[in-house]
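Please open the model in your viewer and keep the selection panel at hand. The tour begins at the ligand and then moves on to a pair of helices.

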Amino acid sequence: MTSEVRIKLSETRIFKAVFPNTTNHYDTLFGGTAMHLMDEVAFITATRFSRQRMVTVSSDRIDFKKPIPAGTIVELIGKVTYVGTTSLKVRVEIYVEQMYENTREKAVNGEFTFVAIDENKVPVKIL
Ligand SMILES: CCCCCCCCCCCCCCCC(=O)SCCNC(=O)CCNC(=O)[C@H](O)C(C)(C)COP(=O)(O)OP(=O)(O)OC[C@H]1O[C@@H](n2cnc3c(N)ncnc32)[C@H](O)[C@@H]1OP(=O)(O)O
């Protein structure tokens, strides 16, 4: 299977409803909760790409462009953007949708780097 096909097949989407237990005193999604969800979707994307044990080695700049209000729906999309020898990068975007309107806009994006490791926690080749 080519790397391009793997990238396509491993693209990962998760939807969540933003309920009040995940929001702050501004009634918007906690930044830390957003980062947790982003790490999770990035991890799943990396694992589905490589089918190996993957650990997060780095998170690059995360931009919070729009607040994510309580009572909205978010979609997280993870996509592999770079494949190295033992590491790969996953770009994660969060889109926010109103529940009762057909609106959708990008709220957050960031990038995460993962390393494939063996059972002794030593880096191994991704492919
Ligand atoms: C029941 C309900 C439960 C709910 C629950 C929800 C959970 C929802 C969250 C889920 C999320 C899951 C996420 C799991 C994943 C972890 O959580 S993993 C835990 C956090 N991560 C760690 O503990 C990793 C700790 N670090 C290490 O063990 C070592 O640094 C590593 C990763 C094995 C790498 O070892 P190293 O000796 O530094 O390796 P080295 O040979 O120098 O570099 C290897 C590669 O990494 C690259 N690299 C190294 N450092 C960096 C860097 N800072 N930046 C970029 N690239 C780097 C190198 O360039 C190299 O790349 P290649 O050229 O080979 O492609």
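Select the ligand together with the residues that have a heavy atom within 4 Å of it: this shell holds 7 nonpolar, 8 polar and 3 charged residues, where Asp, Glu, Lys and Arg count as charged, Ala, Val, Leu, Ile, Met, Phe, Trp, Tyr, Cys and Pro as nonpolar, and the others, Gly among them, as polar. The model is a predicted one, in which local features need pLDDT of at least 70 and side-chain atom pairs pLDDT 80 or more, while totals for chains, interfaces and linings use all residues. Residues are numbered from 1 along each chain as its sequence is written, and side-chain values use heavy atoms, with hydrogens and water left out.

Next, colour β2 (53–59), which gives the shell its largest share, 5 residues; α2 (31–50) and β6 (104–117) are also among the elements that each supply at least two. Helices (H or I, at least four residues) and strands (E, at least two) are DSSP runs, numbered from the N terminus.

Now select Thr86, where a polar side-chain atom lies 2.6 Å from an oxygen atom of the ligand, and then Thr56, where a polar backbone atom is 2.9 Å from a nitrogen atom of the ligand; a polar contact is a pair of N or O atoms within 3.5 Å.

Finally, show α1 (residues 3–10) beside α2: the two helices pack at an angle of about 140°, with their axes, lines fitted to C-alpha atoms over the stretch in contact, 9 Å apart.

Notes:
Polar contact = N/O pair within 3.5 Å; in protein donor to acceptor, adjacent residues only side chain to side chain. Axes fitted to C-alpha atoms, helices over the stretch in contact; angles between N-to-C directions.
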